[in-house]
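Please keep the sequence and the 3D view open while reading.

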Amino acid sequence: MPFEAPAGTMIGHVHLKVADLDRAIGFYRDVLGLQVMQRYGTQAAFLSAGGYHHHIGLNTWDSKGGEPPAPGTTGLYHTAILYPSRQALAQALKSVVEAGWPLDGASDHGVSEAIYLRDPDGNGVEIYRDRPEGEWPRDADGNLKMVTERLDLRALLAEAA
């Protein structure tokens with residue numbers, strides 16, 4: 001039998017190559033609300049929420065001044081940042097809107113509500129919240145049945161207060 005990762009296994013952090021460290025820090029700190037935990041001069045920084053050592057690592061070791069990958073190439077599709085509640089997601093969306101940051105899309109997946117955008121280096125970013133597992137859509141046999149439906153951003157923003 002092949003190895004199966006145990007329940008509770010999580011992706012601990014994502015480390016991204018960026019062209020401009022200060023620009024990238026500005027997005028993840030000032031728009032998405034992460035805190036800088038440590039910085040290594042002009043080459044790297046580690047950011048997180050809630051005092052964790054880091055959820056996002058940023059570096060310019062091989063990418064300073066670089067360009068985003070061309071369409072049609074392999075690589076990271078997006079980094080997903082999970083907010084703990086609908087209100088927290090609404091507050092994050094409000095920050096994105098107030099910063100004038102463009103959205104790529106927004107979807108209700110039944111299991112989650114997700115907003116898609118790109119960081120300054122063109123990396124895909126999903127900010128989302130999960131619904132409680134008891135609310136996840138299921139088919140007649142009890143199998144998970146995710147969907148992609150329109151997410152009402154106005155209704156979500158109304159919960160930012």
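**Asp20 and its surroundings**

The side chain of Asp20 comes to 2.8 Å from the backbone nitrogen of Arg23. This value, like the others below, is computed from a predicted model.

**Asp20**

- Asp20 is located in the loop that links strand S1 (14-17) to helix H1 (21-31).
- A polar atom of the Asp20 side chain also lies 3.1 Å from the backbone nitrogen of Asp22.
- With a relative accessible area of 36%, Asp20 is partly exposed.
- Once residues up to four places away in sequence are set aside, Asp20 touches Thr60 and Asp121.
- Asp20 and Gly65 are 45 residues apart along the chain, and their C-alpha atoms are separated by 6.4 Å.

**Asp121**

- Asp121 belongs to the loop between strand S7 (112-118) and strand S8 (124-130).
- Is Asp121 buried or exposed? Asp121 counts as buried because its relative accessibility is 8%, and buried means under 20%.
- The side chains of Asp121 and Arg23 make a polar contact at 2.8 Å.
- Neighbours within four places in sequence aside, the residues in contact with Asp121 are Val18, Ala19, Asp20, Arg23, Ala24 and Pro68.
- S7 and S8 form a hairpin with 5 residues between them, and Gly122 in the turn has a positive phi of about 85 degrees.

**The sheet of 5 strands**

- This open sheet has the strand order S5-S8-S7-S6-S9, and its pairing is mixed.
- Strand S5 (79-82) and strand S9 (149-150) are at the edges; each has a single partner strand, so one side of each lacks a neighbour in the sheet.
- The pairing of S7 with S8 is antiparallel and extends over 7 bridges.
- Within S8, Gly124 stands opposite Arg118, and Ile127 stands opposite Ile115.
- S5 and S8 run parallel and are joined by 4 bridges; here Ile81 stands opposite Ile127 in S8.
- How many of the 7 residues of S8 are buried? The number is 6, and S8 is described as mostly covered.

**Helix H2**

- H2 contains 13 residues and reaches 18 Å from its first C-alpha to its last, close to the 18 Å expected at 1.5 Å a residue.
- The buried residues of H2 are Arg86, Ala88, Leu89, Ala90, Ala92, Leu93 and Val96.
- In an α-helix, residues three or four places apart point the same way, because there are 3.6 residues a turn.
- The cover over the buried residues of H2 includes H1, S6, S7, S8 and helix H3 (153-157).

- S1 and S4 are paired in the parallel sense over 4 bridges, and Leu16 stands opposite Leu58 in S4.

**The nonpolar core**

- Which residues have the most contacts inside the largest nonpolar core? They are Tyr28, Leu32, Leu58, Tyr83, Ile115, Val125 and Ile127, in a core of 30 residues.
- At least two residues of this core come from each of S1, H1, strand S3 (44-48), strand S4 (56-59), H2, S7 and S8.
- Apart from its neighbours within four places in sequence, Leu32 is in contact with Phe27, Ile81, Tyr83, Val96, Val125 and Ile127.

Methods
Residues are numbered from 1 along each chain as its sequence is written. This is a predicted model: local features need pLDDT of at least 70, side-chain atom pairs count only at pLDDT 80 or more; totals for chains, interfaces and linings use all residues. Side-chain values use heavy atoms; hydrogens and water are left out. Buried means under 20% relative accessible area, exposed over 50%, partly exposed in between (1.4 Å probe, protein chains only). A polar contact is a pair of N or O atoms within 3.5 Å; within protein, one must be able to donate a hydrogen and the other to accept it, and residues adjacent in sequence count only if both atoms are side-chain atoms. Contact means heavy atoms within 4.5 Å. Two strands pair if DSSP finds at least two bridges between them. The expected span of a helix is 1.5 Å times one less than its number of residues. A nonpolar core is a set of buried Ala, Val, Leu, Ile, Met, Phe, Trp, Tyr and Cys residues joined through side-chain atoms within 4.5 Å.
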